[in-house]
Protein chains: 6
Amino acid sequence: MKVKVSRKAHFNAAHRLYRKEWDDTKNYAIFGKCNNPNYHGHNYELIVSVTGEIDQETGFVVDMKILKDLIRSKIEDALDHKNLNVEVPEFKSLIPTAENIAIVIYNKLRPHVDSNKELEVVLYETPRNFVTYKG
Amino acid sequence: MKVKVSRKAHFNAAHRLYRKEWDDTKNYAIFGKCNNPNYHGHNYELIVSVTGEIDQETGFVVDMKILKDLIRSKIEDALDHKNLNVEVPEFKSLIPTAENIAIVIYNKLRPHVDSNKELEVVLYETPRNFVTYKG
Amino acid sequence: MKVKVSRKAHFNAAHRLYRKEWDDTKNYAIFGKCNNPNYHGHNYELIVSVTGEIDQETGFVVDMKILKDLIRSKIEDALDHKNLNVEVPEFKSLIPTAENIAIVIYNKLRPHVDSNKELEVVLYETPRNFVTYKG
Amino acid sequence: MKVKVSRKAHFNAAHRLYRKEWDDTKNYAIFGKCNNPNYHGHNYELIVSVTGEIDQETGFVVDMKILKDLIRSKIEDALDHKNLNVEVPEFKSLIPTAENIAIVIYNKLRPHVDSNKELEVVLYETPRNFVTYKG
Amino acid sequence: MKVKVSRKAHFNAAHRLYRKEWDDTKNYAIFGKCNNPNYHGHNYELIVSVTGEIDQETGFVVDMKILKDLIRSKIEDALDHKNLNVEVPEFKSLIPTAENIAIVIYNKLRPHVDSNKELEVVLYETPRNFVTYKG
Amino acid sequence: MKVKVSRKAHFNAAHRLYRKEWDDTKNYAIFGKCNNPNYHGHNYELIVSVTGEIDQETGFVVDMKILKDLIRSKIEDALDHKNLNVEVPEFKSLIPTAENIAIVIYNKLRPHVDSNKELEVVLYETPRNFVTYKG
């Protein structure tokens with residue numbers, strides 16, 4: 001009896017899309033106004049899901065309080081109110097697109113979720129744009 | 001041409017998380033304030049999805065009115081404005097976590113959905129916590 | 001330059017609508033299934049708004065962190081995961097309708113908001129039912 | 001490293017559910033008030049998702065601006081503020097149920113999305129009724 | 001102690017914006033694609049609010065069940081799944097803009113709400129466009 | 001017959017809260033992590049409302065297309081994907097709190113809305129924090 005358990009969280013951050021190997025013209029052609037050198041920002045909404053068997057004693061797949069605290073300590077503390085390009089080490093050499101941010105979040109959480117449970121990350125960059133990564 | 005058809009519904013209920021084999025200290029350690037012996041409650045939001053082939057005559061996988069009425073008669077009538085622990089027989093010996101409530105809802109609906117169609121239940125306990133069960 | 005500043009919060013609680021001076025028949029006639037003696041519950045969504053002049057030094061009418069902490073200490077700690085009828089003193093002699101809960105919340109917050117600022121409480125009992133109280 | 005990228009869009013349209021081979025009594029029995037010969041309408045909310053490998057240079061699975069423009073030119077221009085039965089050729093011989101509209105949208109987009117990427121269409125007919133089609 | 005009590009409802013309808021005294025060119029210039037002679041449609045979301053004193057016996061300004069039934073019988077039965085221009089008498093000589101629909105709804109409800117209570121109608125034509133009328 | 005007409009829009013931007021007359025310690029004490037010198041950002045959601053008499057010929061208080069275009073040209077073009085502190089002249093000497101951004105938006109729109117109509121700006125900095133300014 002596998003159940004998927006999902007928890008929403010959120011963080012605010014600044015970023016810019018920019019590839020240092022490209023000149024300004026190419027960066028603007030590919031990334032448009034997301035390339036603004038002065039940064040822009042988003043309220044990122046995050047849904048972290050863990051799928052696994054229910055513990056017959058607790059009725060939980062995972063304790064929501066533990067999942068909530070894990071998201072806070074591993075993701076919110078690292079990304080909230082940050083400039084992703086400047087202050088988050090993973091994005092020194094990785095463009096902080098929604099796709100790449102979702103993968104970074106997945107990789108930060110994966111070691112802390114039981115290996116026999118599946119992990120999924122959904123990241124809303126805006127209410128109209130979002131990405132899903134399952135490893 | 002398989003399509004998944006989804007219908008949202010909702011019900012309000014009281015519950016507490018509590019395992020009678022455990023003493024108060026252990027119940028509180030595991031379930032925290034959800035263990036309150038006087039109960040607390042939620043507006044549960046429910047999404048029931050049925051996946052199957054489209055009927056070529058009607059253009060429906062399932063008639064939404066029939067699905068809506070099924071959810072009302074089998075789920076809302078059983079759970080809405082109820083105390084899950086006290087008044088719903090399935091939870092006499094099962095802790096009413098979101099995971100277990102989703103399984104109970106699935107089991108109540110499954111006999112009434114064509115066996116060649118897949119059934120999925122998503123249950124929001126709060127806007128930030130939800131679970132998914134597909135049998 | 002008066003601005004209204006609003007902060008959303010939420011709490012979960014159980015309650016029942018019941019008037020002890022009435023017999024069961026009248027209680028049921030007036031309150032319907034909300035009269036269930038075993039309680040039911042809701043995810044209450046709360047919007048607290050403070051209207052006043054902007055502080056020219058900070059650019060704030062009120063610091064959102066202070067407002068958030070005030071809602072947590074005065075409202076969430078008192079009402080979250082509680083049985084409103086049994087555990088919240090204000091409802092010993094007051095029926096916990098959405099209207100009355102909003103007034104209780106307003107009265108709990110009013111002494112902690114500057115008297116030259118207006119206070120408003122919006123309380124969602126469900127996504128479809130809500131009330132507004134301005135004192 | 002496959003990621004699913006999703007974009008929301010919307011269009012408003014009128015439609016009726018009606019099968020010309022059936023008489024009025026049968027049409028009403030099956031389609032109820034959706035059979036109204038004078039039409040009714042909806043704000044359709046659409047989520048288009050593309051799943052594929054991340055381009056290592058851009059960090060994108062698909063450029064959201066290109067996906068947004070594709071939805072506008074192929075779907076919104078064809079369906080927005082239209083009477084689906086009268087003005088959209090695909091529905092001359094196909095009943096515009098949510099299921100069939102989702103398939104039509106999928107078929108319109110599929111030729112314009114890389115064949116090594118998966119496409120998914122979610123269509124909300126109302127906030128409570130929606131369908132999902134993946135080809 | 002005045003409280004405002006609000007109830008959400010919804011209905012789906014087709015309409016067109018068109019003024020018979022104007023020729024097609026002027027109608028199109030003013031109403032754009034909303035002028036489509038074949039109609040288009042919306043999921044209208046409605047919030048009806050009643051403001052008044054709390055009844056000290058019930059704790060209600062107005063019983064939500066009664067307000068819900070009133071909206072169903074006076075508004076949903078009249079407008080849901082209808083073509084507003086063709087089937088709703090009030091729009092024989094009135095253009096069904098959101099503004100005018102809100103006024104029609106207000107006028108239909110006003111006689112059924114106590115005269116010492118205030119009435120407000122908010123009507124969402126789309127999630128991004130809405131109007132408010134208070135008489 | 002006055003009606004209030006509301007239109008939602010949105011823009012993404014980076015900002016920081018910082019008062020140059022204060023040292024770092026005081027800036028951090030007042031603005032907390034919003035003081036981050038590398039900026040953070042938000043998806044700002046904006047609701048612009050215009051209240052006035054309905055034009056008897058069109059049934060409009062204001063044409064939504066004109067209001068939408070006004071918001072785009074005066075607000076979105078000025079603020080979207082911008083660093084508010086660095087790139088928006090109004091914030092050279094004004095801290096970009098939600099309160100001050102709402103006032104700047106109001107002042108940019110006011111000259112373009114008929115003087116006999118009321119204007120209101122609601123600005124969501126996050127889904128949980130928002131402000132309202134009416135001039």
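**Close-up 1. T51(F) in strand β2 of chain F.** In this predicted model, T51(F) is placed in strand β2 (residues 40-53) of chain F, where helices (H or I, at least four residues) and strands (E, at least two) are DSSP runs numbered from the N terminus. At 14% relative accessibility T51(F) counts as buried, a class that means under 20% relative accessible area, with exposed meaning over 50% and partly exposed in between (1.4 Å probe, protein chains only). Leaving aside residues up to four places away in sequence, T51(F) touches V3(F), K4(F), V61(F), K117(F) and E118(F), contact being heavy atoms within 4.5 Å. Residues are numbered from 1 along each chain as its sequence is written, and chains are lettered from A and ligands numbered from 1 in the order in which they are written. Because the model is predicted, local features need pLDDT of at least 70 and side-chain atom pairs count only at pLDDT 80 or more, while totals for chains, interfaces and linings use all residues, and side-chain values use heavy atoms, with hydrogens and water left out.

Close-up 2. K33(B) and D80(C) form a salt bridge in which the closest N and O atoms are 2.7 Å apart; the term denotes a side-chain nitrogen of Lys or Arg within 4 Å of a carboxyl oxygen of Asp or Glu. K33(B) lies in the loop between α1 (24-31) and β2 (40-53) of chain B, and D80(C) in the loop between α2 (64-79) and β3 (82-83) of chain C, so the pair joins two chains. K33(B) is partly exposed, with a relative accessible area of 46%, whereas D80(C) is buried at 14%. Over all chains, the structure holds 48 salt bridges.

**Close-up 3. Salt bridges within chain E.** The side chains of E118(E) and K2(E) meet in a salt bridge with an N to O distance of 3.6 Å. Since E118(E) lies in strand β4 (residues 118-126) and K2(E) in strand β1 (residues 2-15) of chain E, the pair ties together parts that are 116 residues apart in sequence. E118(E) is partly exposed at 46% relative accessibility, and K2(E) is partly exposed as well, with a relative accessible area of 40%. In another pair, K108(E) forms a salt bridge with E90(E), their closest N and O atoms being 3.1 Å apart. This pair links distant parts of the chain, with K108(E) in helix α4 (residues 98-109) and E90(E) in the loop between α3 (84-87) and α4 of chain E, 18 residues apart. E90(E) is partly exposed, with a relative accessible area of 31%.

**Close-up 4. A salt-bridge network in chain A.** K4(A), E120(A) and K134(A) are linked in a network of salt bridges.

Close-up 5. Although Y39(C) is not a glycine, its phi is positive, at about 75°; Y39(C) sits in the loop between α1 (24-31) and β2 (40-53) of chain C and is buried, with a relative accessible area of 17%. Y39(E), also a residue other than glycine, has a positive phi near 75°. Y39(E) is found in the loop between α1 (24-31) and β2 (40-53) of chain E and counts as buried at 17% relative accessibility.

**Close-up 6. Chains A and F.** Chain A is superposed on chain F by a rotation of 180° with 0.0 Å of shift along its axis (RMSD 0.0 Å), copies being superposed by least squares on the C-alpha atoms of residues with pLDDT of at least 70 in both. That is the relation of a two-fold axis. The same surface serves both copies, as 100% of the contact residues of chain A recur in chain F.
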